[in-house]
Amino acid sequence: MQVLVEKLSPLTCDWPLKLAIRKLNGAWPAELADFEAVFKEEADKAGVRMLRQVQDDKIAELLVLTIKQEAGIYDLQKAFKAFADKLAEFKEPSLAAWISPDFSDQEFTQIARTLMLLDNKFDQHIKSGYKNTLTPEEAEEEDQDKVKQITLLTDRPEAEKLLHEANSLAQATGLARRLVNEPANIMTPRQLACEAENLAKETGFEIEILGPQAIQDLGMEAYWSVAKGSAEEPRFIIMRYLNNPQSEEVLALVGKGLCYDSGGYDLKPGSGMRTMNSDMAGSAAVIATMGALAREKAPVNVVALVAACENMVSGCSFRNGDIIGSLAGKSIEIMSTDAEGRLTLADAVTYAWQKEKATAIVDIATLTGAVIVALGDHVTGSISDSDVLWQAAETGSKLSGDKLWRLPIDDDYEEKNKSERADIKNGGYRGGGSITAGLFVRAFANQTPFLHLDIAGTSYNESGSDRFPKGASGVGAELLYYLSKAFFA
């Protein structure tokens, strides 16, 4: 959906003004006074209302979205689901929308961003069935009946700047969703690296991509142990956006990049494998974040790392019971080949502080089923040993609408990762699984301030929700954007 702004002060508008987005008991423009008077009772309820009245012998329609005064970004985004359904009733390509001045600049940005994503869906592989039941003429006519452009009418001074940021956020979320939704036979590690490279060229961040030999030469044995079982070659993707010379801080964003996870020899059941193309949602989030930061020329120093690979079964796959090395020099006992993500993250996190000199590390990963048991599908689980990073994450959560919950960490949880045969083990225990998995990754951070985000429950939903379409949610892309800016504020 294309979204524009038109600055009108004082606000003047001729019909057809078709949309109004306002806060409960908030302001109405003079042009809508008749609607307010006639439909006062209906209009002053939170939710979506289609208001109609006769004007000059014609029926004028106004679609009103009324949002509670105390609603946060999360609730604001949810409110647009019903709004989008009603929007389809308008058979016009372009509409004007009045946005109440009661909204903050941040809320205005999120309104614009959410409108841009209203028609975001993953259907490019549908080439038969319904789409081909229409003649070319019918298809063209149907397309003309869809709303394609909304112009926001506002006298907000920073409207153009806010719209630019909204566009960057919408592009980031849209990209993250597409990368995750693509099937594994298309979004291979090599293709993921190409996507990151194209984004770097488009937006201006630096990128470096390493292949199998370079990965082995570096000594990334934990990463290579997972990757070597697949015919698809791994790619280690290094992205840099260093735009704050006044700061000595370097923030590393490390995204899990399992483009497909069969579980290895510790095989997943068939029902669990079908959506394992989504096991690279963490990598999609950090790649998309880098694009948004570069587009907005954010004053940050951010390095993003993705150890992209597949976890497959073959004659050279790693096995349960193996003891492998790592870039950090720690030995790892393999309790489960289906706990592979933490192995790839271990080497990527080590690379962050060892090679990129990161002073703070955030990893984001579809890491455990345990976090879904604990928090369901609308809250991301987190652990952190840094209050500074956690405060930045809370800011990112508030501004993006992506909910977080900080889980406890202490020595008793760390004890669960101890091995009798190696320095550390990658599983083999029950209870607190999301916490112990995050602590496994932290063990490779070399005391660098650390934040872990487990998005296994929030990154993908086959049935969709009030906030997200079916499939990938794009969670993390906007959260990490705001987190990065808050960290350097």
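Which residue with a positive phi follows H11? In this predicted model, H11 is followed by Lys297, which has a positive phi near 50 degrees. Helix H11 itself covers residues 281-295. Its 15 residues reach 21 Å from the first C-alpha to the last, close to the 21 Å expected at 1.5 Å a residue. Of the 15 residues of H11, 15 are buried, so the helix is largely enclosed by the rest of the structure.

Strand E10 spans residues 301-311 and is mostly covered, with 11 of its 11 residues buried. One set of its residues, Asn301, Val303, Leu305, Ala307, Cys309 and Asn311, points one way from the strand. Val302, Ala304, Val306, Ala308 and Glu310 point the other way. Residues of both sets are buried, including Asn301, Asn311 and Glu310.

Two strands were found to be joined to E10, namely E8 and E9. Strand E8 (residues 235-242) runs antiparallel to E10, and eight bridges join the pair. Within this pairing, Ile237 has Val306 of E10 as its bridge partner. Strand E9 (residues 251-261) runs parallel to E10 and is joined to it by 10 bridges. Here Ala252 stands opposite Val303 of E10. Val303 and Val306 belong to the sets that point opposite ways from E10, and both are buried.

Helix H6 comprises residues 159-181. The 23 residues of H6 reach 32 Å between the first and last C-alpha, close to the 33 Å expected at 1.5 Å a residue. H6 is mostly covered, as 17 of its 23 residues are buried.

Note on methods. Residues are numbered from 1 along each chain as its sequence is written. This is a predicted model: local features need pLDDT of at least 70, side-chain atom pairs count only at pLDDT 80 or more; totals for chains, interfaces and linings use all residues. Side-chain values use heavy atoms; hydrogens and water are left out. Buried means under 20% relative accessible area, exposed over 50%, partly exposed in between (1.4 Å probe, protein chains only). Helices (H or I, at least four residues) and strands (E, at least two) are DSSP runs, numbered from the N terminus. Two strands pair if DSSP finds at least two bridges between them. The expected span of a helix is 1.5 Å times one less than its number of residues.
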